[in-house]
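Hello,

Here is the structure I promised to pass on.

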Number of protein chains: 2
Amino acid sequence: MSTAPADPPRKRGRPRHIEPSQEYRARLEDIVSVAAVVFRTNGYEAGSLDDVAAALGLRKASLYYYVKKKSDLLRLVFDRAITVALTEVETLAHITDPRERLAALIRHQALLVVRDPSLFAVFFDQRAGLEKADLADIGRKERRYLRQFVLAVEAAIDAKVIPPGDPRMIANSIIGLTSWSYKWFDPRRDSPEAFADTCCALVIR
Amino acid sequence: MSTAPADPPRKRGRPRHIEPSQEYRARLEDIVSVAAVVFRTNGYEAGSLDDVAAALGLRKASLYYYVKKKSDLLRLVFDRAITVALTEVETLAHITDPRERLAALIRHQALLVVRDPSLFAVFFDQRAGLEKADLADIGRKERRYLRQFVLAVEAAIDAKVIPPGDPRMIANSIIGLTSWSYKWFDPRRDSPEAFADTCCALVIR
DNA sequence: ATGGTTCTTTCGACCCGTCGGTTGACAATA
DNA sequence: TATTGTCAACCGACGGGTCGAAAGAACCAT
């Protein structure tokens, strides 16, 4: 009873009622990039917020100005990965020639992973750290992504550009062919273009 | 000073001075299998020893009769994975026909991963949890494994069974093609044999 | 210019739950 | 009585998350 001033709205982190500044956005992007590297090398659980902060020249507490909890960091990494992949791939849907279309998809996927290995290493390997809701969201977008490949594969089979078979299985296999690169690709030895060409040549007749 | 009874040699865990019994070995194999499942679903760091023990109907402390520390469990998972893969693959080295040889390797790799997805999911994704020395050991054996593929690819290129290109790059790509299956393969929907055939048909002319 | 005021960003100190790892004792079997 | 296997209880470290405060710039009134 007595004076109950009603909880003054929590003032944790950035105030939510106004637009985030450009600098804030840029800083957050930096943080996400660094988090991807840390989570890749140490794993999500073992990669502490101290690690992320240290790599940025900050203290752990400062991160909570940009993020509410650790898993937000992971979600942001996933968001960036699936967003960049999805937007790029859906601009390729207009290509009509089956051979060209499949080749474009394969090239896209190969270059994507090779360009930002940390981002996709986390995306592929650290899914256990995601929260349930985030996982479902990612799953939906990933299915959209897969669909583009399945459609392209079906067209390619009809055009005898690749041998016949279950399109879903083939699509997943091709995605593996290209995605696996984050495990072995070394930019000092391997050329991204050569890799993309090799992938295309390997499956396209 | 005074009476120093000299630490009576610690008698923690199994006594090392005698042969492990058959039951002991079998039990340990069970533990490793369960650990692989736990580490796959939760990740190595997040997968607690309590989880592993509970899945076995044991208490955490009991695990320390079979293992000295948590990372031993992870090492055992890795050991089993690389051992089974390596021994199988090196029996295939005698096949002389390039097409047959490459096909056999691809089939072997595809079936291997599909048969025990948890084992290889941990092997591929949880390397960050390994200790330095163990990591080096795994790396050596993995290079031996890769060599088999590189040799087979070189022969296949000479025989025009696959298009030309950097053998190491192609070998890694093929390994990705097959290994990726642990991320999407669903035994209730997909057939291991069909998958192996698809992989072969996809790259072999 | 100058001293106040506010807003953004950073930090040190602290709390607290979880988990790896330890210990000593207790059955069961032989 | 020795060996094998199990357990409840405990401890210490580490890491996520909280809190209050302070440094610095920008803005504003005199």
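By what turn and shift can chain B be laid on chain A? A turn of 180° with a shift of 0.0 Å along the axis does it, at an RMSD of 0.1 Å (least-squares superposition on the C-alpha atoms of residues with pLDDT of at least 70 in both copies). That is the relation of a two-fold axis. In chain B, the residue closest to this rotation axis is Leu177(B), with its C-alpha at 2.1 Å.

A word on the source: this is a predicted model, where local features need pLDDT of at least 70 and side-chain atom pairs count only at pLDDT 80 or more, while totals for chains, interfaces and linings use all residues. Residues are numbered from 1 along each chain as its sequence is written, with chains lettered from A and ligands numbered from 1 in the order in which they are written.

Now the interface. Chain B puts 31 residues in contact with 32 residues of chain A (contact: C-beta atoms, placed from the backbone, within 7 Å). On the chain B side, α1, α8 (167-179) and α9 (192-203) each give two or more residues (helices are DSSP runs of H or I, at least four residues, numbered from the N terminus). The largest share, 8 residues, comes from α8(B). Since 100% of the interface residues of chain B are also interface residues in chain A, the copies meet through the same surface.

Best wishes

Conventions. Contact = placed C-beta atoms within 7 Å.
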